[in-house]
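Please read this report alongside the sequence and the coordinates.

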Amino acid sequence: MHFGAAMFFTDYSMTAAEFARALEERGFESVWAPEHSHLPAGGGSAFPGGGEVPKKYYDVMDPFVSLTAAAMATKTLKLGTGVCLVVQRDPIQTAKLVASVDQVSGGRFLFGVGNGWNRAEIENHGTAFETRHKLARERVEAMRLIWTKSKPEYHGEFVNFAPIMTWPKPVQKPHPPVIVGGAFPYAARRALRYGDGWMPHTRRPAYDDIAEKLPEFFQMAEEAGRRDIPVTAWDCLEDYDRLRRYRDLGVVRATVSVDSARADVILPVLDRWAALMRRVNAA
């Protein structure tokens with residue numbers, strides 16, 4: 001099982017380059033950059049984690065900028081958005097960003113996508129909250145065409161353009177994997193419909209541990225003819241038994257979320273995780 005780590009990159013955290021180098025040196029497979037363009041004054045929707053929305057959510061840098069810096073500082077580390085809020089981004093421009101980062105990294109990009117939870121943030125981008133899931137699907141479908149066709153066109157309810165020409169195309173063929181983030185069962189269904197992977201939070205109000213839902217998800221995947229769709233467990237606890245269970249259930253990647261902090265705080269955490277990672281994969 002691969003291991004990745006996520007950080008909200010801010011002006012008071014480790015830099016993306018510094019963090020990525022630390023991960024690569026310790027044997028991690030991937031670095032992940034979350035996204036929020038802003039938060040409305042007052043916070044907007046209730047924070048899914050409970051309490052006040054953390055400061056780092058509105059301080060976070062653009063993920064594509066952070067991941068480009070991480071790409072330049074590393075050689076093999078994969079670079080993921082965790083997650084890119086596609087309902088808040090133009091699909092033609094976002095397709096170019098994804099392809100560009102994949103090019104400059106030599107084919108190391110992982111396109112984690114999500115549909116968002118903060119109504120006011122989403123609506124400030126001109127997106128209707130109630131129809132954001134269909135909008136996200138159309139935007140992902142359109143981006144797939146942009147990455148793979150010389151003169152792509154798309155005609156949907158929300159996304160509509162006649163044939164266009166746009167380069168670069170991604171290094172990865174047919175394109176970087178689209179990993180759909182979100183909880184069971186709705187995001188799982190979206191992942192099976194238009195994703196190349198599913199990235200659920202490991203804990204949500206509906207379940208104490210995503211391991212409880214994985215057999216049902218894999219059954220859904222079997223019925224959809226997508227039995228090999230990979231699962232990335234997001235925001236894992238530092239728990240050997242849980243991680244072993246994920247590995248044994250077929251999870252391909254486990255990620256840890258760390259604080260937006262400087263190296264003296266974060267590096268000891270990464271050292272513990274690196275030791276745990278080796279222990280899980282050696283068992």
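Buried here means under 20% relative accessible area, exposed means over 50%, and partly exposed covers what lies in between, with a 1.4 Å probe and protein chains only. Helices (H or I, at least four residues) and strands (E, at least two) are DSSP runs, numbered from the N terminus. The model is predicted, and local features need pLDDT of at least 70 while side-chain atom pairs count only at pLDDT 80 or more, although totals for chains, interfaces and linings use all residues. Residues are numbered from 1 along each chain as its sequence is written, and side-chain values use heavy atoms, with hydrogens and water left out.

**Helix 6**

Helix 6 is mostly covered, since twelve of its 17 residues are buried. Among the buried residues are Arg 132, Arg 137, Glu 138, Arg 139 and Arg 144, together with Leu 135, Val 140, Met 143, Ile 146 and Trp 147. From its first C-alpha to its last, helix 6 reaches 24 Å, close to the 24 Å expected at 1.5 Å a residue, where the expected span is 1.5 Å times one less than the number of residues.

**Nonpolar cores**

A nonpolar core is a set of buried Ala, Val, Leu, Ile, Met, Phe, Trp, Tyr and Cys residues joined through side-chain atoms within 4.5 Å. The largest such core has 80 residues, and those with the most contacts inside it are Phe 19, Phe 28, Phe 111, Trp 198 and Leu 243. Helix 10, spanning residues 263–282, gives the most to this core, with nine residues. A second, separate core has eight residues, including Ala 6, Leu 85, Ile 179 and Met 199. In soluble globular proteins, nonpolar side chains tend to be buried together.

Contact means heavy atoms within 4.5 Å. Not counting residues up to four places away in sequence, Phe 111 touches, among others, Phe 64, Cys 84, Val 98, Met 143, Trp 147 and Val 178. Val 178, in strand 8, is buried with a relative accessible area of 0%. Leaving aside neighbours within four places in sequence, the contacts of Val 178 include Phe 111, Val 140, Arg 144, Trp 147 and Asp 196.

Ala 99 lies in helix 4, residues 91–104, and is likewise buried, with a relative accessible area of 0%. Beyond four places in sequence, Ala 99 touches Trp 147, Pro 168, Lys 169 and Pro 170.

**The largest pocket**

On a 1 Å grid over the protein atoms alone, a pocket is an open set of points where a 1.4 Å probe fits, with protein on both sides within 12 Å along at least five of seven lines, and lining residues have an atom within 4 Å of a point. The largest pocket has a volume of about 1,100 Å³, a volume being the space filled by probe spheres set on the points. Its lining comprises 38 residues, of which Pro 48, Trp 117, Gly 182, His 201 and Arg 204 lie nearest the centre. Helix 2 (56–59), helix 6 (132–148) and helix 7 (186–194) are the elements that give two or more residues to this lining, and helix 7 gives the most, with three residues. By class, the lining has 19 nonpolar, twelve polar and seven charged residues; Ala, Val, Leu, Ile, Met, Phe, Trp, Tyr, Cys and Pro count as nonpolar, Asp, Glu, Lys and Arg as charged, and the others, Gly among them, as polar.

**Backbone features and separations**

The peptide bond from Gly 82 to Val 83 is cis, with omega near 0°, and Val 83 sits in the loop between strand 3 (78–81) and strand 4 (84–85). Another cis peptide bond joins Lys 173 and Pro 174, with omega about 5°; Pro 174 is found in the loop between strand 7 (160–161) and strand 8 (178–181).

Asp 235 has a positive phi of about 65° although it is not a glycine. Asp 235 belongs to the loop between strand 10 (232–233) and helix 9 (240–249) and counts as partly exposed because its relative accessibility is 25%. Asp 241, placed in helix 9, counts as exposed at 57% relative accessibility.

Lys 213 lies in the loop between strand 9 (197–199) and helix 8 (214–223), and at 23% relative accessibility counts as partly exposed. Beyond four places in sequence, Lys 213 touches Phe 184, Ala 206 and Tyr 207.

| Residue pair | Separation along the chain | C-alpha to C-alpha distance |
|---|---|---|
| Ala 99 and Val 60 | 39 residues | 22 Å |
| Lys 213 and Phe 184 | 29 residues | 7.3 Å |
| Asp 241 and Glu 223 | 18 residues | 29 Å |
| Val 178 and Ala 206 | 28 residues | 25 Å |
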